Amino acid sequence: MPSTHTLERFIAMVERNAHDEAIETFYAPQASMQENQAAPRVGRDQLLANERKVMARAASIHSRCVRPVLVNGDHVVIRWVFRFVWRDDSVTEMEELAWQRWEGEHIAAEQFFYDPAQLTPQPPPGAAV
């Protein structure tokens, strides 16, 4: 079960948009991440490589935790709102629930629940639609 201090440090790091640093710091070596019902990605190194690939495609990222954070023993649920401005100035805004299973102070498994329609980038502001 994560301590309140650890959980708040994790949330603060994500809200600073240091997503890759959060994976390095808070995920167990054999952690898994799963998008909705897709097959999970396994291993912190793979999770980190994937996150850095997404971050490199973005001109800017804004991440916000919507409280309350729900904690029940080793299980944590966080509601996130993200805004990605891509290098072509298109925008993806999405809201998701992250269901996490912690082992002590590290995330062992995480599954994201969101509407996949949110993944379609919207044209840059002012662009002809």
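This report describes helix packing, salt bridges and a surface patch in the structure above.

The model is predicted, so local features are given at pLDDT of at least 70 and side-chain atom pairs count only at pLDDT 80 or more, whereas totals for chains, interfaces and linings use all residues. Residues are numbered from 1 along each chain as its sequence is written, and side-chain values use heavy atoms, with hydrogens and water left out.

Helices (H or I, at least four residues) and strands (E, at least two) are DSSP runs numbered from the N terminus. Burial is judged by relative accessible area, with buried meaning under 20%, exposed over 50% and partly exposed in between (1.4 Å probe, protein chains only). The buried residues of α3 are Leu 47, Leu 48, Glu 51 and Met 55. They cover an arc of only 95 degrees around the axis, and therefore lie on the same side of α3; the arc is that of the directions from the helix axis to the C-beta atoms. An α-helix has 3.6 residues a turn, so residues three or four places apart point the same way. On the face of α3 turned away from this buried side are the exposed residues Asp 45 and Lys 53. The cover over the buried residues of α3 includes α2 (19–26), β1 (27–35), β2 (41–42) and β3 (58–72), where contact means heavy atoms within 4.5 Å.

In α2, the buried residues are His 19, Asp 20, Ala 22, Ile 23 and Phe 26. Their arc around the axis is only 160 degrees, which puts them on the same side of α2.

**Salt bridges**

The structure holds seven salt bridges, each defined as a side-chain nitrogen of Lys or Arg within 4 Å of a carboxyl oxygen of Asp or Glu. Three of them are listed here.

| Pair | Closest N to O |
|---|---|
| Glu 8 and Arg 67 | 2.8 Å |
| Arg 41 and Glu 35 | 3.2 Å |

Glu 8 forms its salt bridge with Arg 67. This pair links distant parts of the chain, with Glu 8 in helix α1 (residues 4–15) and Arg 67 in strand β3, 59 residues apart. Glu 8 is partly exposed at 35% relative accessibility, and Arg 67 is partly exposed at 46%.

Arg 52 counts as partly exposed at 39%, and Glu 24 as partly exposed at 40%.

Arg 41 pairs with Glu 35; Arg 41 is buried, with a relative accessible area of 17%, whereas Glu 35 counts as partly exposed at 25%. Salt bridges that share partners join Asp 20, Glu 24 and Arg 52 into one network.

Arg 79 lies in strand β4 (residues 75–86) and is partly exposed, with a relative accessible area of 36%. Leaving aside neighbours within four places in sequence, Arg 79 is in contact with Arg 64, Cys 65, Val 66, Glu 95, Glu 96 and Leu 97. Leu 97 is found in strand β5 (residues 91–103) and is partly exposed at 39%.
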